[in-house]
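I opened the notebook for a walk through this structure, with the sequence alongside. Here is what I looked up, entry by entry.

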Amino acid sequence: MPFDPNLLAHTRHLLVFTGAGVSAESGIATFRDKLDGLWARCDPTQLASAEGFRADPALVWGWYQMRRAGIARARPNPAHLAIAALARRVPRLTLVTQNVDDLHERAGSTDVLHLHGRLEDFRCFTCSRPATTAVALAADAREGRRSDPPCCASCGGPLRPGVVWFGETLPEQVLDQAFAAAQQCDLLLSVGTSGVVQPAASIPRLALAAGATLLHVNPQPVMTGHPREFALTGNAGKVLPELLEAAFG
Ligand code: BJW
Ligand code: ZN
């Protein structure tokens with residue numbers, strides 16, 4: 001059965017749950033895309049881990065600097081803009097993202113719940129103190145080189161990005177707010193995520209279990225077979241503006 005846009009038009013609490021695919025059309029590689037250059041033989045699950053950082057801090061820091069440079073050059077795409085516009089159309093919208101970029105904010109979304117942290121935050125790998133000075137983006141970052149992390153002003157340890165790596169716990173308050181929204185929403189719009197990384201991937205399942213409808217937007221098949229689950233197959237930058245038009249005219 002196709003998704004009826006009237007359901008969106010009559011939604012009271014919409015939970016938008018995004019993954020790397022929402023930023024793909026801004027030119028940001030998704031997490032499971034093949035890596036280029038120095039990182040072609042690296043596994044992102046190794047790079048995004050404390051073990052990977054401990055083994056080779058300059059490799060991991062260089063990868064993050066390269067991604068930071070790409071995000072600084074990128075612009076929000078029609079999918080980010082459509083999500084920001086949705087907040088003006090429904091009585092209540094909660095935006096939960098797994099992304100560490102700031103493209104939702106730059107599109108005009110507010111109160112974004114970042115489950116996996118943000119690339120622009122830093123803390124010390126050794127003593128965990130947050131770094132108060134902004135980290136400069138080296139001019140060669142976009143070329144993708146190894147790069148030694150800056151040192152902590154308190155203990156001299158290496159700084160690390162304030163993101164959530166594999167094996168680390170998610171920010172508790174953010175996760176609690178996301179789970180609460182999953183249990184309260186009447187529609188969950190899941191955009192551009194493979195839905196394999198836990199505990200984030202349990203959010204759509206939690207919403208279904210609490211009685212919500214689930215709508216996926218993804219060019220790949222992601223349905224699990226639940227009777228209240230729907231999919232719009234395609235790129236978010238095309239599908240979301242069309243969905244808005246169909247629901248609100
Ligand atoms: C488009 C598109 C377009 C493309 N339009 N769509 C239960 C079972 C098994 C394992 C675990 C479990 N619970 C926990 C684990 C372990 C682990 C885990 O889930 N592993 C799985 C891989 C199996 N989880 C953890 O370790 C988490 N921590 C934890 O559980 O702590 C508790 C604990 C601690 C200690 C001991 C024991 C327990 C932490 C997970 C942190 C994930 N972090 C990362 C890196 C963030 C920093 C960074 O960016 O560098 O987060 S990993 C990476 O995956 C990143 C993403 O946010 C996340 C999700 O990826 P996403 O967004 O779905 O991207 P892709 O690339 O997978 O998919 C893109 C999608 O877009 C695709 O579907 C495309 O088709 C689509 N697409 N173009 C629309 N134009
Ligand atoms: Zn320190």
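Before naming any element, I note that helices (H or I, at least four residues) and strands (E, at least two) are DSSP runs, numbered from the N terminus. I am working with a predicted model, where local features need pLDDT of at least 70, side-chain atom pairs count only at pLDDT 80 or more, and totals for chains, interfaces and linings use all residues. Residues are numbered from 1 along each chain as its sequence is written, chains are lettered from A and ligands numbered from 1 in the order in which they are written, and side-chain values use heavy atoms, with hydrogens and water left out.

**Entry: the cis bond**

I found a cis peptide bond between Q198 and P199, with omega about 0°. P199 sits in the loop between β6 (187-191) and α8 (202-209). For context, most peptide bonds are trans.

**Entry: ligand 1**

Which residues come nearest to ligand 1? I listed R32, Y64, G167, S194 and Q198, out of 33 residues around ligand 1 (a residue is near if one of its heavy atoms lies within 4 Å). That shell splits into 15 nonpolar, 14 polar and four charged residues. Here Ala, Val, Leu, Ile, Met, Phe, Trp, Tyr, Cys and Pro count as nonpolar, Asp, Glu, Lys and Arg as charged, and the others, Gly among them, as polar.

Oxygen atoms of ligand 1 lie 2.6 Å from an N or O atom in the side chain of Y64, 2.7 Å from one in T193 and 2.8 Å from a polar side-chain atom of N218. Ligand 1 taken alone exposes 1500 Å², and the protein buries 72% of that (Shrake-Rupley areas, 1.4 Å probe).

**Entry: the zinc ion**

I looked up the donors of the zinc ion (ligand 2) and found the SG atoms of C124, C127, C152 and C155, at 2.3 to 2.4 Å. Donors are N, O and S atoms within 2.8 Å of the metal (3.2 Å for Na, K and Ca). Their spacing along the chain is C-x2-C-x24-C-x2-C. C127 and C152 both lie in the loop between β4 (117-124) and β5 (159-163), so the pair ties together parts 25 residues apart in sequence.

Is C152 buried or exposed? C152 is buried, at 8% relative accessible area, whereas C127 is partly exposed, at 28% (buried is under 20%, exposed over 50%, partly exposed in between; 1.4 Å probe, protein chains only).

Technical notes:
A polar contact is a pair of N or O atoms within 3.5 Å; within protein, one must be able to donate a hydrogen and the other to accept it, and residues adjacent in sequence count only if both atoms are side-chain atoms.
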